[in-house]
Amino acid sequence: SPSESPSPSEFSSPSPAECPYVCEDLPVCQCPEDYDYTSFGEVCDTHCMEQDEYYCHPGKGNSFLPCSRLECGPGQIRCRRPVVDPTAPPPRNPRTFFLARGGESCDDACGAVGTVCDHDLVQEAALSPAHCQDILEHLGKTTHLGGLYEDDSTGCTYHPRAPGWYELFKKDGQSTCSARTEDLDRLRVCACQNLREERHFDDLSELGDQNFCLDASDTVATVQGRVSLGTGAGNGGAFTCNCVELCELHSLTESTVSLTNYENRGATNDFRGTILQITVNFLNTIAGAVFNFDASSALEIHSGGVASFTAAATFAGSGVFRAREGSTVSFSSASTFQIATEVSGQFLVESEQVSFEEVVTLTGSNALMDVRSGSRIVASRTVTVSSSSEIRGTSGTMQFDGGLSMASSSVMNLTSTTVS
């Protein structure tokens, strides 16, 4: 605590004779959570509390009447039992925040129960000293003194020394999940998020809309999630992956799922035994996103469907990407295909570079690969253009390192475009 703050020894306790049962001038007891504030089976309003230890007792003496032993030992002070205000508003979520043990970081506390620290909520707890105090009150801690300090980055913390302290630590204005305090009596406020959310659909007709890894308050609740699919085919609505680290669509056999929309907001999407068909819109806005497919999985953009990649993406594994006839797929950020690519619709490279590390096939009279101004494609494996399909370029660059095979009736329409 800051040097200008009063030390525990500066708080004196009235004598038992002055205040035998209830005294508003007494400090609020700071006792272990399992302390029941009783004496001979009855709840007492005043107790004895160690100044330097986390210990309480109802009092010393020879009386066997409830709440009548009023003497405290050396180094102890008389305190009053905390009173819970029944009219106080409940916290927004009593399970959101908790107090870690002394010396623990939030990473430590969450990791011990198989979860990860929720950085956003830890930052929320550290918005201001008043906000910190309010959270501590909701956690059942009575605090009277506190403030903002810059010793470390442990954020909102509680110290049990009398009369109860709320202390907000923000070194360089930051509160971090990994920060620890050397004061083992100081407990920091933490919040965790579950590592995984799992949903199971044996009947694929029940998919509906899935806002995955998102809780009822529209807060990201988990960082990893899996949807397990039954065998067969089914139709669903809009699927949004909010899982920060990993979103999985897995089937133990092979499933075909047709969705209207799929929006990715996570780092990695993993598909096993799943052919995902999109009829309206597929959108990726997360830079560096990875879409991983096993050999029995595919992503198919169907007729009328649109796929937009406004941030860099990588398609990995051993599956297939298919742009069906009547679909439009557009890239405005650098992306890489490490899986086979089949184009029967429009494949638009609007800016940056799209790299193909596996074979590319254009097939059908409406198949078009359009490399626009300032953009580039690099193909390290063979690109095959079948009958009536078209490759178009306007002020772009096409690099066919693995070779280019074009049917006699296919079209290459180039304007100010470099081809090698």
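Biologist: To which residue does a disulfide join Cys 132?

Modeller: A disulfide is called when two cysteine sulfur atoms lie within 2.5 Å of each other. Here Cys 132 is joined to Cys 156, with an S to S distance of 2.1 Å. The torsion about the S-S bond of Cys 132 and Cys 156 is about 80°, so this disulfide is right-handed. The link connects distant parts of the chain, with Cys 132 in helix α3 (residues 129-138) and Cys 156 in strand β9 (residues 155-159), 24 residues apart. Helices (H or I, at least four residues) and strands (E, at least two) are DSSP runs, numbered from the N terminus.

Biologist: On what kind of model do these values rest?

Modeller: The model is predicted: local features need pLDDT of at least 70, side-chain atom pairs count only at pLDDT 80 or more, and totals for chains, interfaces and linings use all residues. Residues are numbered from 1 along each chain as its sequence is written, and side-chain values use heavy atoms, with hydrogens and water left out.

Biologist: Are Cys 132 and Cys 156 buried or exposed?

Modeller: A residue is buried under 20% relative accessible area, exposed over 50%, and partly exposed in between (1.4 Å probe, protein chains only). Both Cys 132 and Cys 156 are buried.

Biologist: How many disulfides does the model contain?

Modeller: The count comes to nine. One of them joins Cys 110 to Cys 192, with the sulfur atoms 1.9 Å apart. The torsion about the S-S bond of Cys 110 and Cys 192 is about -90°, so the link is left-handed. Cys 110 belongs to helix α1 (residues 106-111) and Cys 192 to strand β12 (residues 192-201); the pair thus links distant parts of the chain, 82 residues apart. Cys 110 is buried, at 0% relative accessible area, whereas Cys 192 is partly exposed, at 26%.

Biologist: Which residue forms a disulfide with Cys 117?

Modeller: Cys 117 forms a disulfide with Cys 177, and their sulfur atoms are 2.0 Å apart. With -70° about the S-S bond, the link of Cys 117 and Cys 177 is left-handed. The pair links distant parts of the chain: Cys 117 lies in strand β7 (residues 115-117) and Cys 177 in the loop between β10 (165-169) and β11 (187-190), 60 residues apart. Cys 117 and Cys 177 are both buried.

Biologist: Let us turn to charged side chains. How many salt bridges does a search of the whole structure find?

Modeller: A salt bridge is a side-chain nitrogen of Lys or Arg within 4 Å of a carboxyl oxygen of Asp or Glu. The search finds 17 of them. In one of these, the side chains of Arg 101 and Glu 104 meet at 3.0 Å, N to O. Arg 101 is exposed, at 60% relative accessibility, while Glu 104 is buried, at 14%.

Biologist: Which residue does Arg 322 meet in a salt bridge?

Modeller: The side chain of Arg 322 meets that of Glu 300 at 2.8 Å, N to O. Arg 322 lies in strand β22 (residues 320-323) and Glu 300 in strand β19 (residues 298-301), so the pair ties together parts that are 22 residues apart in sequence. Arg 322 and Glu 300 are both buried.

Biologist: Which residues are linked in a network of salt bridges?

Modeller: The network links Glu 350, Asp 370, Arg 372, Glu 390 and Arg 392. Arg 392 forms a salt bridge with Glu 390, the closest N and O atoms being 3.1 Å apart. Arg 392 is partly exposed, with 30% relative accessible area, and Glu 390 is buried, with 17%.

Biologist: Which strand is joined to β17 by four bridges?

Modeller: Strand β17 (residues 268-284) is joined in this way to strand β20 (residues 306-309), and the two run parallel. Asn 281 stands opposite Val 306 in β20. Strand β20 also pairs in the parallel sense with strand β23 (residues 328-331), over four bridges. Ser 308 stands opposite Ser 330 in β23.

Terms used
Pairing = 2+ DSSP bridges.
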